Amino acid sequence: MSEKTVVRPYGDTTGDGMVQVSFTLPVPHDKRAEGAAVQLANKMGLDPAMLVHARQMGDGFTFFVVYGRVNHLVDLAKVQVVERDYPLLSAKEVNAVVKRRLRRKLSVVGACIGTDAHTVGIDAILNVKGIAGEKGLEYYRELKVTNLGAQVSVPELVEAARRERADAVLVSQVVTQRDAHLHNTREMSAAFREAMPAGKRPLLIVGGPRFDESMTGELGVDRIFGRGTTPGEVASYLVHALITSRKASVA
């Protein structure tokens, strides 16, 4: 980290506090709407606020982009995030650890639950083609992957995990309207707690762009992965949580 611990946003020059925000208002595009957008930006702390873009989005909605200065500072020393607390392993290393220590294939079941039909996230992690040149968990020869796809009910997920003797359950949630991702996750974790005793329960992992990675305890899961997560990170975590750390605790 840089020696600086207190920072301000950067726009045109270092530390000038300039930021750009975008939002939609439920009003048709006219002068009054533009004035409302600037007023809202002022109330958000942008001073001065400059409207740089406005475009009507269907009947009765306008999209705005506003540029302006904020006076807020961020103390990096007080920022709390979930850091990766396990080593990042290659596919070869993951396979070797699973084969040597688990002595069977590590079973992973993945799905999008509820009404979520967006499989791009779970497919990027599980499918052999992976994402950005990194192969998914199906590529790992010591992992047995079951991808249930989209719109899987929680009871179906629990039954599949039981049937496949899952060591880990991976759930992707992209739909976030009205906090659907949070409600679905709580429902899932409660169902697994009810269906299986603690010692027999698979590792519960959720991921998606709108999750707060610090909410594992609140949501009743073991790990939350946010945007930009790679298959290698997930595979390395599985080895850490299911094999490495458990072996260490037994020893």
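Modeller: The largest nonpolar core has 29 residues, and Leu137, Leu170 and Leu238 have the most contacts inside it. The model is predicted, so local features need pLDDT of at least 70, side-chain atom pairs count only at pLDDT 80 or more, and totals for chains, interfaces and linings use all residues. Residues are numbered from 1 along each chain as its sequence is written, and side-chain values use heavy atoms, with hydrogens and water left out.

Biologist: What makes a set of residues a nonpolar core?

Modeller: A nonpolar core is a set of buried Ala, Val, Leu, Ile, Met, Phe, Trp, Tyr and Cys residues joined through side-chain atoms within 4.5 Å. Buried means under 20% relative accessible area; exposed means over 50%; partly exposed lies in between (1.4 Å probe, protein chains only).

Biologist: What is leucine 137 in contact with, leaving aside its neighbours within four places in sequence?

Modeller: Contact means heavy atoms within 4.5 Å. Among the partners of leucine 137 are Val108, Ile125, Leu143, Val145, Leu170 and Leu238.

Biologist: How do you know which strands pair with strand 8?

Modeller: Two strands pair if DSSP finds at least two bridges between them. Strand 6 and strand 8 run parallel and are joined by 4 bridges. Strand 8 and strand 9 also pair in the parallel sense, over 5 bridges. Alanine 168 shows both pairings. Valine 108 stands opposite alanine 168, and in strand 9 the bridge partner of alanine 168 is leucine 203.

Biologist: How do you know that the length of helix 5 agrees with its residue count?

Modeller: The expected span of a helix is 1.5 Å times one less than its number of residues. Helix 5 (residues 180–195) has 16 residues and should span 22 Å; its end C-alpha atoms are 22 Å apart, which agrees.

Biologist: What makes its buried residues line one face?

Modeller: Seen down the axis of helix 5, the buried residues fall within an arc of 165°, so they line one face. The arc is that of the directions from the helix axis to the C-beta atoms. The buried residues of helix 5 include His181, Leu182, Met188 and Phe192. They pack against helix 4 (154–163), strand 8 (168–172), strand 9 (203–207) and helix 6 (216–219).

Biologist: Why is serine 236 called buried?

Modeller: Its relative accessible area is 1%, so serine 236 is buried. Serine 236 lies in helix 7 (residues 231–250). Its side chain reaches the backbone nitrogen of leucine 89 at 2.8 Å. That is a polar contact (a pair of N or O atoms within 3.5 Å; within protein, one must be able to donate a hydrogen and the other to accept it, and residues adjacent in sequence count only if both atoms are side-chain atoms).

Biologist: And valine 239, buried or exposed?

Modeller: Valine 239 has 2% relative accessibility and so counts as buried. The place of valine 239 is also in helix 7. Its contacts include Leu89, Val94, Val97 and Val98.

Biologist: Why is glutamate 34 called partly exposed?

Modeller: Its relative accessible area is 21%, so glutamate 34 counts as partly exposed. Glutamate 34 sits in helix 1 (residues 31–43).

Biologist: What makes arginine 103 count as exposed?

Modeller: Its relative accessibility is 72%, so arginine 103 counts as exposed. Arginine 103 lies in the loop between helix 2 and strand 6. Its phi is near 60°, a positive value in a residue other than glycine.

Conventions: Helices (H or I, at least four residues) and strands (E, at least two) are DSSP runs, numbered from the N terminus.
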